[in-house]
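Subject: Structure for your files

Hello,

I am handing over the structure below. Notes on what was found in it follow.

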Amino acid sequence: MTAADSMAQRLAAVQHRIRQACARAGRPEDSVALLPVSKTFDADAVREAHALGLTRFGENKTQEIRQKAAELESLALRWVMIGHLQTNKAKDVARDVAELQSLDRVELADALQARLASAERTLDVLVQVKTSPEPSKFGLAPEDLGDFLAHLAHACPALRVQGLMTMATNTDDEAAVRACFRRLRELRDAHRSDAVPLARLSMGMSGDFELAIAEGSTEVRIGSAIFGARHYDT
Ligand SMILES: *Cc1c(COP(=O)(O)O)cnc(C)c1O
């Protein structure tokens with residue numbers, strides 16, 4: 001793939017690689033969902049992706065969701081928040097976001113619960129767990145997961161827990177990356193219950209999604225491999 005390839009070609013290549021990774025893992029070809037990550041790309045890029053059949057988009061800033069949702073209102077897109085969220089942004093999430101994959105602390109859960117209750121709506125959430133040693137990565141400490149899920153079940157009925165999310169350590173060492181993904185699957189197996197089966201495991205990005213699929217990912221979050229290289233001007 002080169003920069004001259006079209007978005008349609010890049011998307012088809014990613015979908016092909018997902019199917020191949022599923023086959024190698026002995027998993028059904030449709031067992032891994034694709035979440036395109038449109039952060040930093042403009043509304044026109046999202047419109048192009050929508051024309052290719054994509055309807056959910058991952059973003060990491062509520063402000064950016066607000067702007068794109070307004071520009072693309074007629075398309076009825078589902079915005080998925082995947083970035084670190086400040087507690088004072090709970091109101092924006094309750095208004096604009098279909099799903100939150102970065103729920104990582106009690107304070108945020110309680111703030112969302114209050115906002116959602118007054119908006120009389122529910123929100124699908126994934127609990128982000130920190131499986132990598134890097135201090136810069138966000139997420140709940142693995143040893144706190146049991147207490148956190150108990151808190152959600154008891155105090156946050158507006159939050160519908162669908163599963164877990166993680167980001168692997170950022171390294172070329174495939175064994176270290178796989179260990180992060182395996183850790184998330186094992187945590188899921190240890191904490192699932194009939195009431196909260198934690199069916200979804202959101203793990204894998206452009207650089208590591210095949211390893212994530214080998215370890216049981218049900219959803220990969222892909223930005224640059226579909227939209228191209230990101231340019232940050234802030
Ligand atoms: C940006 C981002 C992605 C996508 O990253 P790519 O490497 O562009 O695929 C996935 N997950 C999270 C949480 C992100 O912030």
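A search of the whole structure finds 2 aromatic pairs, counted where ring centres of Phe, Tyr or Trp (its six-membered ring) lie within 6.5 Å. In one of them, Phe41 and Phe227, the centres are 5.3 Å apart and the planes at 25°, so the pair is stacked (planes under 30 degrees apart; over 60 is edge-to-face and the rest tilted). Phe41 sits in the loop between β1 (33–36) and α2 (43–51) and Phe227 in helix α9 (residues 224–227), so the pair ties together parts 186 residues apart in sequence. Helices (H or I, at least four residues) and strands (E, at least two) are DSSP runs, numbered from the N terminus.

This is a predicted model, in which local features need pLDDT of at least 70 and side-chain atom pairs pLDDT 80 or more, while totals for chains, interfaces and linings use all residues. Residues are numbered from 1 along each chain as its sequence is written, and side-chain values use heavy atoms, without hydrogens and water.

Now the ligand. Ligand oxygen atoms make polar contacts (N or O pairs within 3.5 Å): 2.6 Å to an N or O atom in the Lys39 side chain, and 2.8 Å to a polar backbone atom of Gly223 and of Ser224. The protein buries 91% of the 390 Å² that the ligand exposes taken alone (Shrake-Rupley method, 1.4 Å probe).

Regards

Notes. Polar contact = N/O pair within 3.5 Å; in protein donor to acceptor, adjacent residues only side chain to side chain.
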